[in-house]
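Please look over the model below.

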Amino acid sequence: MPALTALRPAALAELQPSDVAEVLAEHPSLFTSVVVADGAEVDHAAAFSGAVIRELASRDRDANFRFAAIANLGANAPLFPGSFSDGGAAGVSVALQSAGALLARARAAKPGDIAEAARLTQRCLQGQLGPLQDVLVPSCERHGLLFHGVDPSPACAPDAGIAEFLETVGGIRFGSPGTVATCAAVTTGIRSVGRPTVGYAGLMLPVLEDRVLARSWQEGRIDADSVIAYSSVCGAGLDTIPLPGSTQEHEVVAMIMDMAALSARWRKPLSARLMLAPVGSDPHRTKFRAPQVVNIDYPTA
């Protein structure tokens, strides 16, 4: 699927949030993003992003799956919706849905502690990415393309999420004590694959794309604050976070600002993809239609 370039603050001066929402709603194969932090500064674009999210929810309940506020994410990252080009020569970046391979390895190896979990993660991703890079690098050279690198972030697949892997290697129930330590150990493994990397290069926690994460949210064991806490040791940000239609726009903006502040403080790539339901929608349950999304009951207060 194609991605429009990331919109930076200078470009936003000529746009209205409704302009961005209209393009995404009318072209359901497009992805795009807005840069809300670059370096140590958090930009006013968070407010623009919050308005886009509200507009998208009113036009197409699934469109926010294809929009993100991004912070300190470099060019040529392969994972949507944050991906954008640097405008240079054509090139190739790659990422894999490797959560399933990690889970299979963990079930077979049964690591005894989180140090072993980090090593298992490293070895598994090296085994996945090494042969791929061995094919891609000479192929790019033959075709006059740049090889930007790989994003070793283990993306989820519909039948395999990352949270079950974390529970298996950490001996935890996701959201319980030990979750931060497990996330940190696995992130260490991801970032030690030793290959040219682009993008997030960290552990991703897409709440509504992972059945264990979605259940944890529904049961109240995790929320936006805890996911932000996990982001301090991994690359999660706030990814596919379910928000009822009653959520106020200023609350959406505040969540983006929290993500951007954490990114700016540690100069690490993070993003916010907030799945806001339309105003007046079911206050008890999400009703997204995208096949990648797991619908849940909203946790009760």
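In helix α7, the buried residues are T179, T182, C183, A185, V186, T187, G189 and I190. Buried means under 20% relative accessible area, exposed over 50%, and partly exposed in between, with a 1.4 Å probe and protein chains only. The cover over these buried residues includes α5, α6 (162–170) and α9 (224–231).

This is a predicted model: local features need pLDDT of at least 70, side-chain atom pairs count only at pLDDT 80 or more, and totals for chains, interfaces and linings use all residues. Residues are numbered from 1 along each chain as its sequence is written, and side-chain values use heavy atoms, with hydrogens and water left out.

- Helices (H or I, at least four residues) and strands (E, at least two) are DSSP runs, numbered from the N terminus.
- The 12 residues of α7 should span 16 Å at 1.5 Å a residue, and its end C-alpha atoms are 16 Å apart, which agrees. The expected span is 1.5 Å times one less than the number of residues.
- The axes of α5 (residues 114–142) and α7 (residues 179–190) come within 7 Å and cross at roughly 35 degrees. Axes are lines fitted to C-alpha atoms, for helices over the stretch in contact, and angles run from 0 to 180 degrees between N-to-C directions.
- The crossing of α5 past α7 is right-handed: the near helix is turned clockwise from the far one by less than a right angle.
- From α5, I114, A118, T121, Q122 and L125 meet A181, T182, A185, V186, G189 and I190 of α7. Contact means heavy atoms within 4.5 Å.
- Seven of the residues in this contact are nonpolar, four are polar and none is charged.
- Ala, Val, Leu, Ile, Met, Phe, Trp, Tyr, Cys and Pro count as nonpolar, Asp, Glu, Lys and Arg as charged, and the others, Gly among them, as polar.

**P131 in α5**

- Helix α5 also holds P131.
- P131 counts as partly exposed because its relative accessibility is 47%.

**The five-stranded sheet**

- Five strands form an open sheet in the order β2-β1-β3-β7-β6, with mixed pairing. Two strands pair if DSSP finds at least two bridges between them.
- The edge strands, β2 (41–42) and β6 (238–243), each pair on one side only.
- β1 (residues 32–38) pairs with β2 in the antiparallel sense over two bridges. D38 has E41 in β2 as its bridge partner.
- β6 pairs with β7 (residues 270–276) in the parallel sense over five bridges. L243 has L276 in β7 as its bridge partner.
- Six of the six residues of β6 are buried, so this strand is largely enclosed by the rest of the structure.
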